[in-house]
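Dear colleague,

I am passing the structure below on to you, and my notes on it follow directly after.

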Amino acid sequence: MMQQHERSSSESYFWPTIWAVALHALIFAMLFVSFAMTPELPPSRPIIQATLYQLKSQSQATVQTNQRIAGEAKKTAAPQYETEQMEQKKVEQQRVAAAKAAEQKKAEEKKAEQAAEAQKAAAAAKAEAQKQKEAEAAKSKAEAEKKAAEQKQQADIAKKKAAEDAKKKAEEAAKQKAAEEAAKKKSAEEAKKKAAEDAKRKAAEEAKKKAAAEAAKKKAAEQAARKAQEDKKAAALAELLSDDVQHQQALADSVGDQVAGSLDDLIINLVSQQWRRPPSARNGMSVEVLIQMLPDGTITNASVSRASGDPAFDNSAVAAVRNVGRIPEMQQLDRATFDKMYRQRRVIFKPEDLSL
């Protein structure tokens, strides 16, 4: 009865003990795996240790219960205890194997990570080299393009400068040509003007010479005519002064009118030289002036015997006669002819018969 009761008690503690051991083994396995998989970083160790401590603190009662149960069950279940020891050893071996596998896996992962990092570094280096190469190529291309642009710019500047120089040269040539043309034109105009002036001056000189020649010719003709008249008058007077009184009387009768006409023309000519036309003088006017003279031709008085109706014109005619003063040609007449014709001589003056 007692044995049956102890057997029942041991059986009642068996499964809880198994479950407790399995639970602890599982917890340790999980802790080991978690510890193996966790990176070995300094900040993570306190967390793991705290967790382990917490787990140990949380399982202390269970461990004590299990130890107590195991101590009681050791007396009645020795074979089972050995089995549990073997299981624990097996679990420990599995834990070590798992730890080694985890370490190996971690080493492989670290190696793979290092290889990946090396590959990544190589790829980055290659990319950097390629990037640097491309940058250098781009830089070389940019420098080549810049150099080409500078060369093109210099060529454009040189071309523009050459065009400007050519344009400036053409403008200077055109300006010089225009100046030469202007100088030629001015010279031609001056030559033409000078030729015209020379021709005009020559023509004026020719006209002056011609006028002088005509005047000289006219004067010579007038002098010749006057001399002829004087000679004629002298001849007539000589005839009048001859000893033959009858001949003188006959000659005087025949030439008296001619001599008187010549002396009248002389009086008109002398008076016209002294006459100054008044503003009121008009063509168609006439005034009769009585001239009183001495045998030597001296004019003693002049008066109006028949007025024109214009006192200014009448006075101008009287003043002109008085300004003559003396007519020496009267001495050529004999006393009888002078007394008869010129002691008192009436002469009619008209504006058209007088000159300024």
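How many aromatic pairs does a search of the whole structure find? The search finds one, where rings of Phe, Tyr and Trp (its six-membered ring) pair if their centres lie within 6.5 Å, with planes under 30 degrees apart counted as stacked, over 60 as edge-to-face and the rest as tilted. The ring centres of Trp 275 and Phe 313 are 6.1 Å apart and the planes stand at 90°, so this pair is edge-to-face. It links distant parts of the chain, 38 residues apart, with Trp 275 in the loop between helix H5 (245-274) and E1, and Phe 313 in helix H6. Both Trp 275 and Phe 313 are buried (under 20% relative accessible area, with exposed over 50% and partly exposed in between, for a 1.4 Å probe and protein chains only).

Please keep in mind that this is a predicted model, in which local features need pLDDT of at least 70 and side-chain atom pairs count only at pLDDT 80 or more, while totals for chains, interfaces and linings use all residues. Residues are numbered from 1 along each chain as its sequence is written, and side-chain values use heavy atoms, leaving out hydrogens and water.

There is also an open sheet of three strands, in the order E2-E1-E3 with antiparallel pairing (strands are DSSP runs of E, at least two residues, and helices of H or I, at least four, numbered from the N terminus; two strands pair if DSSP finds at least two bridges between them). Strand E2 (299-306) and strand E3 (344-349) stand at the edges with a single partner strand each, so one side of each is left without a neighbour in the sheet. Strand E1 (residues 287-293) pairs with E3 over six bridges, and Val 287 stands opposite Phe 349 in E3.

Best regards
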